[in-house]
Amino acid sequence: MADAPSDALPELAGRLVQLEIPAQCTATVAAAFALLREHAERVESFFVENPDAACAV
Amino acid sequence: MKSVRAIAEEVRAGRRRAVDVVHSTLADIERLDAPIQAVTRLLADTALADAAAIDAAISRGLDPGPLAGVPFGVKDLFDVAGLPTTAGAGMRRDAAPATSDAEAVRRLKAAGAILVATLNMDEFAYGFATVNAAFGTTRNPHDPARLAGGSSGGSAAAVAAGMLPLTLGSDTNGSIRVPAALCGVYGLKPTHGTLPMDGVFPFVDSFDDIGPFAASAADLALAWGLLGGTAAPVPADIRVARLGGWFTRNACDALERGIDAIGAHFGGIPTVKLPEVDRARSAAFVMTAAEGGARHLPELRTRALEFDPATRDRLLAGAILPAATYLTAQRFQSWFRAQAARMFADHDVLIAPAVGDVAPRIDDPLIEVDGVRVPARAHLGIFTQPLSFIGLPVVTVPLLRPGELPLGLQLVGKPGAEAALFAIAGQLEVAGLTGVSAPAA
């Protein structure tokens, strides 16, 4: 699983609070989020590399 | 274990009573399930009552249907009247009982099939392992030291072990195809949205589908039709190709040889590449986590500690993902779907591995992806996720490997092309290239 930067914890904890989720933002949650971010960045970079990609949603 | 068709023919012809079929099935489960742990609830009383009703109908000269007396089981996320639908979650053991059967269960029962058992799964279908903190780990019938795969692991293992000839599972990112491959049975993930989801505990609406497991292509096709499947006519000359690129990078040699043999059977087949498959997998990851997190938000707010921690962490991560990230993944989905549609202009059936190697060991649940050892629970779907991401129908077929651990292939079609997939699956079975092997005693 991807390593999560420790300084990301307060921000992620804040997002949990916004969603009224009382669970703590543990290191394992942060690691799961970091892995998701990796995947997300891979997708986002596609549109940077292919700005004209036709996507009729 | 006799085939679905053989059991139904015997019962309909009055050569065997449905009650005897159910007694025999209950005895098989009693004998075989302890080391496998595929079954979570045995429904002996209702199954015997339903079987008696089938026998009574036959004695009155009525036809109880094309699945008369066929025992079947369902993944723990199908509603069964009178039982809580656990979805594999300990926190749902005491959920209110379902008031009616899921529509798919109802359709199979209406065809004469008899529900005998509910079957194990990963919690809330979020995993490829069927390692369940509340209901135990389902083990592979071909080697109980190995994973059965998931999340419909109980459904695949029950067929592979010879306990049941027909089961139902669900597939979001590979949850039918991965366990079918690792357990060496047939499994269908239909075209997205074509089989009834009423009474099925949801996970990710964008990708969720239900489908059957069976021990032959013919039984799989029969079940699909009775569940409500319809398909485009089969082309006179089905154009077969193999998927290259991403789908060969992490596949073992035996899989490659198996696909080579299939290619030779068809007189040589081209290799085609679908672009950006790794990004499709990533986008499926993102949408799954985001929709799953949103789905479970009420319980994450009130009962977070009751989740399996491995499930909870991923759902929490998905819940806090920005909406823009989800929408970007959805936008990519549209682009990727168009690329696949282009490929199906020239080909009808594409062949790819379902899982890259044999089932991982339970005590070492890691697989190698691009030279890195990663958790099997999250990564066994590297070949399945990109295809369900765009809703394609896939039949998983087992390479015929008697005495060896199973390997499975995906036969992939364009939306609505299930009949062509069944036709190819049947041809490969007749040619002796694919088929179910009984686990070693």
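Helices α2(B) and α3(B) run roughly antiparallel to each other, since roughly antiparallel is the label for angles over 145 degrees. The model is a predicted one, in which local features need pLDDT of at least 70 and side-chain atom pairs count only at pLDDT 80 or more, while totals for chains, interfaces and linings use all residues. Residues are numbered from 1 along each chain as its sequence is written, chains are lettered from A and ligands numbered from 1 in the order in which they are written, and side-chain values use heavy atoms, with hydrogens and water left out.

Back to that helix pair: residues 18–32 of chain B form α2 and residues 44–59 form α3, and the two pack at an angle of about 155° with axes 7 Å apart. Helices here are DSSP runs (H or I, at least four residues; strands are E, at least two), numbered from the N terminus. Axes are lines fitted to C-alpha atoms, for helices over the stretch in contact, and angles run from 0 to 180 degrees between N-to-C directions. On the α2(B) side, B:A18, B:V19, B:V22, B:H23 and B:L26 make the contact (heavy atoms within 4.5 Å). They meet B:A44, B:A47, B:L48, B:A51, B:A52, B:I54 and B:D55 of α3(B).

Chain A is built from two helices and zero strands. A:L9, A:L12 and A:R15 of α1(A) touch down on A:A27, A:A30 and A:F33 of α2(A).

B:T288 sits in helix α10 (residues 277–295) and, at 3% relative accessibility, counts as buried. Leaving aside neighbours within four places in sequence, B:T288 is in contact with B:Y126, B:N173, B:F203, B:V204 and B:F207. B:G318, in helix α12 (residues 309–319) of chain B, is buried too, with a relative accessible area of 2%. Not counting residues up to four places away in sequence, B:G318 touches B:A289, B:A290 and B:G293, along with A:L36 from chain A. B:G318 and B:A294 are 24 residues apart in sequence, yet their C-alpha atoms are 7.6 Å apart in space.

Conventions
Parallel < 35°, antiparallel > 145°, perpendicular 65-115°, else oblique. Buried < 20%, exposed > 50% of the residue type's maximum accessible area, 1.4 Å probe, protein only.
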